Number of protein chains: 2
Amino acid sequence: MSAVDFPAWSREVAGRMEGVLAGLVPSARITPSRLHDAMRYAVLDGGKRVRPMLVFAAGLVTGARADRLEIAAAAVELVHAYSLVHDDLPCMDDDVLRRGKPTCHVEFDEATALLAGDAMQSLAFQVLSENRLADDPDVQLRMIQLFALACGSRGMAGGQAIDLDAVGKPLTLPELENMHIHKTGALIRASVLLGALCGSPLDAERHAHLDRYAKLVGLAFQVVDDVLDEEGDAATLGKTAGKDREAGKPTYTSLLGVPGAKQFASDLLAQAHEALSAFDANAVRLRELADFIVKRDR
Amino acid sequence: MSAVDFPAWSREVAGRMEGVLAGLVPSARITPSRLHDAMRYAVLDGGKRVRPMLVFAAGLVTGARADRLEIAAAAVELVHAYSLVHDDLPCMDDDVLRRGKPTCHVEFDEATALLAGDAMQSLAFQVLSENRLADDPDVQLRMIQLFALACGSRGMAGGQAIDLDAVGKPLTLPELENMHIHKTGALIRASVLLGALCGSPLDAERHAHLDRYAKLVGLAFQVVDDVLDEEGDAATLGKTAGKDREAGKPTYTSLLGVPGAKQFASDLLAQAHEALSAFDANAVRLRELADFIVKRDR
């Protein structure tokens with residue numbers, strides 16, 4: 001998948017993921033239908049598939065097999081999609097529009113959306129354990145552990161709790177960064193590390209460089225999200241715009257202003273490229289992805 | 001732990017689990033405090049710990065190490081507790097009392113309860129992957145897979161979806177059974193199988209007997225729950241009584257009457273003992289537990 005340019009490659013990954021996820025999430029013909037229907041609604045046909053792209057791009061660095069990468073990527077995307085379903089619920093962000101469609105609880109109902117999210121998390125761990133992802137099963141157990149940590153109270157779910165707690169409060173830049181390291185950064189970091197772990201082992205130094213890249217890209221992703229939320233409109237974003245500001249949530253644009261946030265994103269991008277300097281041409285997709293994440297318009 | 005009588009053994013398991021869970025769920029001193037506080041509130045100091053007892057009792061049959069069993073039992077109890085937290089939410093059963101205390105969303109808030117449940121599921125998979133549970137790591141991967149299946153859309157979460165769908169509808173006995181096989185049966189079955197898998201491998205026949213025992217006990221558990229819900233009061237149950245009937249939910253007592261449901265529970269108990277007939281004295285706790293599950297008064 002490396003002879004093509006980045007847009008073609010990213011379409012290829014997105015297309016492959018659609019097929020993989022459609023195969024992994026049970027059909028709505030299987031009981032309980034409405035639950036399976038809601039799970040499919042939440043994860044299929046939507047999103048930029050940035051995390052799966054990160055899994056595949058990191059796997060390229062360690063020569064990982066595509067059939068393993070697609071499973072790791074599916075697990076990450078299932079958890080990402082479940083977190084959006086729960087995040088959109090009335091008791092959380094109470095959002096009605098996501099990826100240009102009604103949110104899951106609007107299309108179905110709150111109870112079904114809650115259970116669909118719960119079941120998508122279980123399914124992520126099921127696919128990570130029922131397929132062979134690494135030659136050494138102990139490495140695979142470490143991958144599951146790493147992923148579980150990224151999902152839990154000291155990862156993504158913890159980041160959402162910090163976010164809840166921050167509404168209407170002035171945060172310092174380090175506090176805001178701490179929130180995002182957890183809320184979006186943890187799963188983005190897990191995407192990169194899982195992708196790499198599907199292939200040949202990296203030495204400690206290269207692993208640390210890759211980890212640094214992942215953290216920088218995760219943070220940059222959120223900074224750009226804040227800029228887009230401030231500048232975008234619902235039609236381009238596929239979700240309600242200006243929502244965070246209205247909700248009194250601290251953002252990079254509220255702390256740094258739009259130009260300051262844009263500058264911060266480009267500094268992070270430069271550092272992400274620097275972190276990859278020890279890698280050869282196999283890291284090309286990781287480099288392109290960092291550019292894509294910072295320069296995207298939705 | 002087998003020289004003592006059943007009440008002493010069950011207190012020993014419950015006491016041990018309290019310590020294990022208190023050590024596994026992060027302290028409220030660790031950020032995000034409110035989330036960790038809610039997780040501890042939901043899983044500590046409560047419940048009969050029936051599932052951990054099943055893990056330990058099954059482990060006795062295969063000579064499993066207690067330090068492995070306590071981790072498997074903690075994972076099951078974390079998922080059980082998370083399912084209660086989500087089940088009690090206003091969009092589900094909207095319950096205010098659980099184990100004699102305000103439910104998690106009443107004590108904290110809905111968003112925190114939602115995230116606490118989410119993070120407890122992640123933590124269950126974390127503990128199952130970060131500790132050595134079987135000599136063969138491939139067996140451990142199979143344990144995680146089995147557990148994920150029991151939690152997901154074709155297990156516990158699926159059972160809750162079937163339950164939602166059944167409110168106010170007349171169900172046949174097989175339909176009611178199908179709901180409970182998923183809703184409560186899946187996790188009870190997983191408890192028994194995980195406990196056994198922590199020890200020496202069972203041959204296929206004995207594994208099938210144990211699986212049959214687990215399914216029978218899971219169903220009996222629910223039948224007795226329905227009887228207690230019909231006959232009990234909030235003080236004894238530690239939760240709102242008669243709730244299922246009021247909610248128009250189909251139950252064993254509504255289909256069979258109280259005497260019919262009690263008879264059904266004793267038939268299941270007899271079959272559970274029959275399923276254990278191929279096992280020796282090491283299955284004593286499994287036998288006692290079946291009796292306990294059917295004869296309990298709360």
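Helix 3 and helix 14 of chain B run roughly antiparallel to each other. Their axes come within 8 Å and cross at roughly 155°, and an angle over 145 degrees counts as roughly antiparallel. The model is predicted, and the predictor gives the complex an ipTM of 0.95 and a pTM of 0.95.

**The helix pair in chain B**
- Helix 3 covers residues 50–61 of chain B, and helix 14 covers residues 284–295 of chain B.
- On the side of helix 3 of chain B, the residues that meet helix 14 include Val50(B), Met53(B), Leu54(B) and Ala57(B).
- Their partners in helix 14 of chain B are Arg285(B), Leu286(B), Leu289(B) and Ile293(B).

**How the two chains are related**
- Chain B is superposed on chain A by a rotation of 180° with 0.0 Å of shift along the axis, giving an RMSD of 0.0 Å.
- This is the relation of a two-fold axis.
- Pro137(B) is the residue of chain B that comes closest to the rotation axis, with its C-alpha at 2.9 Å.
- The copies meet through the same surface, because 100% of the interface residues of chain B are also interface residues in chain A.

**Confidence in chain A**
- The average pLDDT of chain A is 93, and 94% of the residues score at least 70.
- Where pLDDT is low, the predicted coordinates should not be read in detail.

**Helix 4 of chain A**
- Helix 4 of chain A takes in residues 66–87, which is 22 residues.
- From first C-alpha to last, helix 4 of chain A reaches 31 Å, close to the 32 Å expected at 1.5 Å a residue.
- Helix 4 of chain A is largely enclosed by the rest of the structure, because 20 of its 22 residues are buried.

**Loops and backbone details**
- Thr31(A) and Pro32(A) are joined by a cis peptide bond with omega near -5°, and Pro32(A) sits in the loop between helix 1 and helix 2 of chain A.
- In chain B, the bond between Thr31(B) and Pro32(B) is cis, with omega about -5°, and Pro32(B) lies in the loop between helix 1 and helix 2 of chain B.
- Arg99(A) is not a glycine, yet its phi is positive, at about 50°.
- The loop between strand 1 and strand 2 of chain A holds Arg99(A), which is partly exposed, with 16 other C-beta atoms within 10 Å.
- Arg49(B) also has a positive phi, near 60°, and lies in the loop between helix 2 and helix 3 of chain B.
- Arg49(B) is buried, because 23 other C-beta atoms lie within 10 Å and 20 or more count as buried.

Note on methods. Residues are numbered from 1 along each chain as its sequence is written. Chains are lettered from A and ligands numbered from 1 in the order in which they are written. This is a predicted model: local features need pLDDT of at least 70, side-chain atom pairs count only at pLDDT 80 or more; totals for chains, interfaces and linings use all residues. Copies are superposed by least squares on the C-alpha atoms of residues with pLDDT of at least 70 in both. Two residues are in contact if their C-beta atoms, placed from the backbone, lie within 7 Å. pLDDT is the predictor's confidence in each residue, from 0 to 100. Helices (H or I, at least four residues) and strands (E, at least two) are DSSP runs, numbered from the N terminus. The expected span of a helix is 1.5 Å times one less than its number of residues. A residue is buried if 20 or more other C-beta atoms lie within 10 Å of its own, exposed if 12 or fewer, and partly exposed in between; C-beta atoms are placed from the backbone. Axes are lines fitted to C-alpha atoms, for helices over the stretch in contact, and angles run from 0 to 180 degrees between N-to-C directions. Angles under 35 degrees count as roughly parallel, over 145 as roughly antiparallel, 65 to 115 as roughly perpendicular and the rest as oblique.
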